[in-house]
Amino acid sequence: MTVFTEGRLPSPARIRSTISAVTDPPPDLKDVALVHKALADPTRLRILQRLAEDDGTVTDLMRHVDLSQPLVSWHLRRLRAAGLVETRRQGRETICSLGREALLRFHAQELVLLGLEED
């Protein structure tokens, strides 16, 4: 692993990523952290708010958050990786829906993890 590239210091994000990889937290913490990271972005929260109302196409979401298709797709990938959004193809369109079950599982898992509820 190279710490310095072309005489520059690594970025704070690179440092955090390296530390995270070395410490390797338990899987239950990783799962909760993945969802928290997905929820930490205001654009992704706006996408989830829109999908809580009803399913939507990528085009609908682009209009809702006023971003380009590549940026909306990038945010959707993060939300899908966390299980918060589900997608399906309908012809040429991609239909997105809120992963309600995943949100409920995450909420229950988080309460247990924090010791606020029993397993």
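How many bridges join β2 to β3, and in which sense do the two strands run? In this predicted model, six bridges join the pair, and the strands run antiparallel. Val-85 stands opposite Leu-98 in β3, and Glu-86 has Ser-97 of β3 as its bridge partner. The two strands form a hairpin with two residues between them, and in this hairpin Gly-91 takes a positive phi near 65 degrees.

Strand β3 also pairs with a further strand. Strand β1, residues 56-57, is joined to β3 over two bridges, again in the antiparallel sense. Here Gly-56 stands opposite Cys-96 of β3. In general, the strands of a sheet pair through backbone hydrogen bonds, in either a parallel or an antiparallel arrangement.

The protein as a whole contains six helices and three strands. Along the sequence, these elements follow the pattern α-α-α-β-α-α-β-β-α. The radius of gyration is 17 Å, whereas the globule rule gives 14 Å for 119 residues; the value is well over the rule, so the protein is more spread out than a compact globule. Taken along the principal axes, the C-alpha atoms fill a box of roughly 45 × 45 × 25 Å. Of the 119 residues, 27% are buried. The protein exposes about 8500 Å², and carbon and sulfur atoms supply 54% of this area. Among contacts with a separation of 6 or more, 50% are accounted for by residues 24 or more positions apart.

The helices were considered next. Helix α1 covers residues 12-23. Its twelve residues should span 16 Å at 1.5 Å a residue, and the end C-alpha atoms are 16 Å apart, which agrees. Just after α1, Asp-24 takes a positive phi of about 45 degrees.

Helix α5 covers residues 69-81 and has 13 residues. The distance from its first C-alpha to its last is 18 Å, close to the 18 Å expected at 1.5 Å a residue. The buried residues in α5 are Val-72, Ser-73, His-75, Leu-76 and Leu-79. They cover an arc of only 165 degrees around the axis, so they lie on the same side of α5. On the other side of the helix, Pro-70 and Ala-81 are exposed. The cover over the buried residues of α5 includes helices α2 (27-39), α3 (42-53) and α4 (58-65), together with strands β2 (85-90) and β3 (93-98).

Asp-66 is found in the loop between α4 and α5. Its phi is near 55 degrees, a positive value in a residue other than glycine. Most residues other than glycine have a negative phi. Asp-66 counts as exposed because its relative accessibility is 67%, and the cut-off for exposed is over 50%. Just after α5, Gly-83 takes a positive phi of about 80 degrees.

Phe-106 lies in helix α6, residues 100-113. Is Phe-106 buried or exposed? Phe-106 is buried, because its relative accessible area is 10% and the cut-off for buried is under 20%. With neighbours within four places in sequence left aside, Phe-106 is in contact with Val-32, Val-35, His-36 and Leu-39. Phe-106 can also be placed relative to Ala-82: the two residues are 24 residues apart in sequence, and their C-alpha atoms are 9.6 Å apart in space.

Key. Residues numbered from 1 in each chain as written. Predicted model: local features only at pLDDT ≥ 70, side-chain atom pairs only at ≥ 80, totals over all residues. Heavy atoms only, no water. Helix = DSSP H or I, 4+ residues; strand = E, 2+ residues; numbered from the N terminus. Expected span 1.5 Å × (residues − 1). Buried < 20%, exposed > 50% of the residue type's maximum accessible area, 1.4 Å probe, protein only. Arc of directions from axis to C-beta. Contact = heavy atoms within 4.5 Å. Rg over C-alpha atoms; globule rule 2.2 N^0.38 Å. Areas by Shrake-Rupley, 256 points an atom, 1.4 Å probe, with all protein chains shown as cover. Pairing = 2+ DSSP bridges.
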